[in-house]
Amino acid sequence: YYISKYGSGQGSHPQSTRSPLNRPGYSGVKPMQPVMEQVPMGTPPRPPTSNSPGEKGADPSGASSQDEDDKIDGDEALLDLAQLEELHHEAERMKALGNKHMAAQEYTRAYNAYSAALQLSPVGPSSHVFLSNRSAALLSLKRYSAAATDAKRAIALAPTFGKAHARLGQALYFLKDYDGAVAAYEDAIHYEPDNSITKTYLEKAKSKADRQKEKQARTARGEEVSVLTENSSVQPSVMNSVVTDPNAQNAVVKSMGFRGQSNAMTKAVGGAISQSASVDSINAEDDPDFEEALRIQERANRYLANKNYKYAIEEYTAALFLVPDDYNLSPDLHLGRAHALNGSRRHESAKIDATLALRIKPSPEAYSTLAKSLFYMKDYQGAVEAFGRCKDMLPEGESLSMFDRAYLQKSEAALQEALE
């Protein structure tokens, strides 16, 4: 089970080190104290072999040491696997503790517990749930901007996780971005169509958006507009949805697991806050490390170019964790991950990433990626329409690339064949 989830440790990554927690470019992060016990992160040094040069019975060619090296590598892989299992269970324990604090309305403690889970597993199989739950805790603490950031990070890790979209909607609603809240609630309902509570919030957000637009129109016409206090007519009850939050594994853009964490990612997931700290101290919302995200993107691009799609997906996901909504970089990360997902024949997930890129920054490249994803899904009509949008956005005098024209022709031929 854990091999399928996390990879097999040594040898599972073309450029990995002995321990998945010590990959080059990352620095280990100690679990927070006193919230949890210290988890050993290192790997014991390799013992000397009996076939070193100059020893009695040594094989000058070194060939006889290969079996021993393979055995040691296997032992270290098992150790890495045990560490990952321990980290995963400890992170889940922190999430359960956070859920108990939410149920008891101890929101600061809940925030600390979810932060602890994220430090243990910032981009693991359940990290989107930890982020979504921490967003709920921040909503209860009325830290709406920070809650929106955590919700966006959860969506970057699991684009079809409905609860993350709903919590983004709640945060935007209280930030008075009613159009954004409407869009987020609509996404939540798309992925959780039977959620009646979200439907109620959607209608209230639509009503607020309409009133806001009417007020803006009256102001533009020079009409007198009374200043009304913006009462929060709806204070969403988030604690029940946190306690009953499923893992929703099908929503995750799956990677092979957590193999390391950067200083930037540590800063992004945040540390614990003391019970005596003011609520404002939670909102130490530094911008994610843009330079670190660029470095991760470079690695991802190399993996993609070498058709190492599994590792490309991991790296793009880690970068999106740091910059979930940067206008210039995030669309490129979504499109890179979409290409890797298409290469892995996960075309539905690729379509979602292309759509997310279009929402942030519409571009010919995003429409082209969406069109190819739809083509692979045999939605030829959708592919033709997306290629049409791509052509419309191209600068004057430019045309579709040779490959895009080929895909377009195949889509049109498939539609014609279906008519015949």
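A search of the whole structure finds 14 salt bridges; the model is a predicted one. The tour takes some of these pairs, then the largest pocket.

Select Glu106 and Arg109. Their side chains form a salt bridge, with 3.9 Å from N to O. Glu106 is partly exposed at 30% relative accessibility, and Arg109 is partly exposed as well, at 36%.

Arg295 is partly exposed at 43%, whereas Glu292 is buried, with a relative accessible area of 6%.

Now show Arg134, Asp150 and Arg153 together: a network of salt bridges links them.

Then select Arg359 and Asp187, whose side chains meet in a salt bridge of 2.3 Å, N to O. Arg359 belongs to helix α14 and Asp187 to helix α7, so this pair ties together parts 172 residues apart in sequence. Arg359 counts as exposed, at 51% relative accessibility; Asp187 counts as buried, at 13%.

Colour helices α5 (144–157), α6 (162–174), α7 (178–191) and α14 (347–360): each supplies at least two lining residues. Helix α7 gives the most, with 5 residues. Coloured by class, the lining shows 9 nonpolar, 3 polar and 5 charged residues.

Technical notes: Residues numbered from 1 in each chain as written. Predicted model: local features only at pLDDT ≥ 70, side-chain atom pairs only at ≥ 80, totals over all residues. Heavy atoms only, no water. Helix = DSSP H or I, 4+ residues; strand = E, 2+ residues; numbered from the N terminus. Nonpolar A, V, L, I, M, F, W, Y, C, P; charged D, E, K, R; others polar. Salt bridge = Lys/Arg side-chain N within 4 Å of Asp/Glu carboxyl O. Buried < 20%, exposed > 50% of the residue type's maximum accessible area, 1.4 Å probe, protein only.
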